[in-house]
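Subject: Handing over a structure, with notes

Hello,

Here is the structure I promised to pass on to you. Please open it first, and then read the notes below beside it.

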Amino acid sequence: MTTKPFYVTTAISYPNGAPHIGHAYEMIATDAIARWKRLEGREVYFLTGTDEHGIKMVQTAAAQGVTPRELADRNSAEFRRLAEALNISNDDFIRTTEQRHHQSSQAIWKKMAASNNGDIFQSTYKGWYSVRDEAYFDEDELTDKDGKKFAPSGAEVTWVEEPTYFFRLSAYQQKLLDLYESNPDFIAPKERRNEIISFVKGGLQDLSISRTTFDWGIPVPDAPGHVMYVWVDALTNYITGVGFPDEASELFRKFWPADLHVIGKDIIRFHTVYWPAFLMSAGIAVQHRVFAHGFLTVNGQKMSKSLGNVIDPFELVEEFGVDAARYFFLREVSFGNDGDYSHDKLVLRVNADLANNLGNLAQRSLSMINKNCDAKVPQPGPLTDADQAMIDEVGQAIDAAQKAMDEQLVHEATGAIIAALSSANNYFAGQEPWALKKTDPERMATVLYVTADTVRRLAIPMLAFVPGSAARLLDQLGIEEADRTLSASKEPARLKPMLALPVPQGVFARLERKAE
Ligand code: ME8
């Protein structure tokens, strides 16, 4: 068992509005990864939070007649509440308006300014800016429509011209290519890696990293009138979260460089080009890996306020329960690809996998134990080939899930567990323990034991995905906290014969599709 610490982060969201299911999805997937690592026995630090500066916040606040601070306070609280509603196991929640983050951002700025005879210099920025993306664009990346220009995201761009500080990104082209070469796992999925390599090979321009036309940002050290470009401070959250600028702190030494930044595919350039370049410039170790997940649509359509199809993640949890909501995204969406949400798909998936498969197996085997074995874990006799095949298959499924989780292929991991549960249902049906009750009670005891131990072994990895329900299942099997580890799930027959069990309670209710 490895005890290497593991530091994982989500992107920090703009609190210019309430969270939507895209935000929920990212939290859920990252939480599954964090919980899995804890099951492996690793010490995990998991950071999420809100990205509160920038012109987008200024403009949204103005439109609502509030200050950027009021807007940030209101919505940041909603993101925090979302993490709670989704049972997210984050260790900290960072807000970029916090004092610790101002200090950290100014410290990294100074280090960048001091390196290589100055990676930061003053000049004038003239070019296109997309407020919605908080990003600069070259003319040739834009499309024209009705006399207006649009970024690849579809957001309108505006022309800006102002004296700003620049970061000498052009000096990092080869260093970045060397990084991608020497660390082939730096960018996942693989297609994204290829896109980024060709982007960097195409040449990098110096990046404007301060703004002078508004003041809602972190002041640039010793440069009155300049606030940092929001992405400089946003990316820095990942080191602030582990104690930067105190590089000698226990947290920083233990957890930096981050093992994994989980982000959406729209912000991969910021994380795999700008961020490692900033870190190299500041003389700070570069993160190990960035995984870019896909985008969610709703009933096949892009989510948008004008279409009125934005799904409120709080309502989702309210209607279906937190574990059903979590499970749907973790199983249905292939992690790294785009995915689609619909209420009907959620109901079908959750009923098939959680209620009919896992829930059914647990309830049937535990009820039989309750009625026919004195409510105690039965004592197994000699194993048949069928028993052994079942036991082996569970071990293989857990190994397959582990392999998938090593690469963040969360949907494959859940798939492997559910496939083993299907086999276990077939095993149970095929062995007919209810018939053995009269003909061969000892054999019945063995079948019930093998089944209940299978439920134990497969419920443990499910703790990463449906933590509340899987814990309730393990409670019903009398599994102690210390035995809820992946290594215990890999070992068969750890269920203690003769242990008294509580009356089983159904853990996964079948969902009904509510009328619109
Ligand atoms: O980008 N489906 O914030 P953000 C899936 N503040 N994921 C989605 C999504 C969708 N429909 N919409 C957004 C920012 N996301 C910056 C990040 S990190 C230093 C700064 C994802 O609120 C998006 O890809 O626009 C990103 O990873 C996260 O939600 C926050 O998006």
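A word on annotations before anything else: UniProt positions are given here in the numbering used in this email, feature names are shortened, and annotations may be inferred rather than shown by experiment. Residues are numbered from 1 along each chain, as its sequence is written. Please keep in mind that this is a predicted model, in which local features need a pLDDT of at least 70 and side-chain atom pairs count only at pLDDT 80 or more, while totals for chains, interfaces and linings use all residues.

With that said, an unreviewed UniProt entry lists residues 13–23 as a short sequence motif, the 'HIGH' region. Helices (H or I, at least four residues) and strands (E, at least two) are DSSP runs, numbered from the N terminus.

A residue counts as near it if its C-beta atom, placed from the backbone, lies within 6 Å. There are 19 residues around the ligand, of which Ala11, Ser13, Gly22, Asp51 and Gly264 come nearest. The elements giving two or more residues to this shell are α1 (21–39), α7 (230–240) and β13 (260–264), and α1 gives the largest share, 4 residues. The shell divides into 11 nonpolar, 5 polar and 3 charged residues, where Ala, Val, Leu, Ile, Met, Phe, Trp, Tyr, Cys and Pro count as nonpolar, Asp, Glu, Lys and Arg as charged, and the others, Gly among them, as polar.

β13 also belongs to an open sheet of 6 strands, in the order β3-β2-β1-β13-β14-β9, with parallel pairing; two strands pair if DSSP finds at least two bridges between them. β3 (92–95) and β9 (187–188) stand at the edges with a single partner strand each, so one side of each has no neighbour in the sheet. Strand β1 (residues 6–9) is joined to β13 by 2 bridges, and the bridge partner of Thr9 in β13 is His261.

For the interior, a residue is buried if 20 or more other C-beta atoms lie within 10 Å of its own, exposed if 12 or fewer, and partly exposed in between, with C-beta atoms placed from the backbone. A nonpolar core is a set of buried Ala, Val, Leu, Ile, Met, Phe, Trp, Tyr and Cys residues joined through C-beta atoms within 7 Å. The largest such core has 144 residues, and those with the most contacts inside it are Ala29 and Ile417. Helix α16 (residues 441–462) gives the largest share of this core, 12 residues. Apart from this core lies another, of 7 residues, among them Tyr14, Met57, Val58 and Leu71.

Finally, some backbone details. Most residues other than glycine have a negative phi, and most peptide bonds are trans. Glu134, however, has a positive phi near 50°, and this residue counts as buried because 21 C-beta neighbours lie inside 10 Å. Glu432 has a positive phi of about 45°, but Glu432 is exposed, with 12 other C-beta atoms within 10 Å. Cis peptide bonds join Phe244 to Pro245, with omega about 15°, and Trp256 to Pro257, with omega about 0°.

Best wishes
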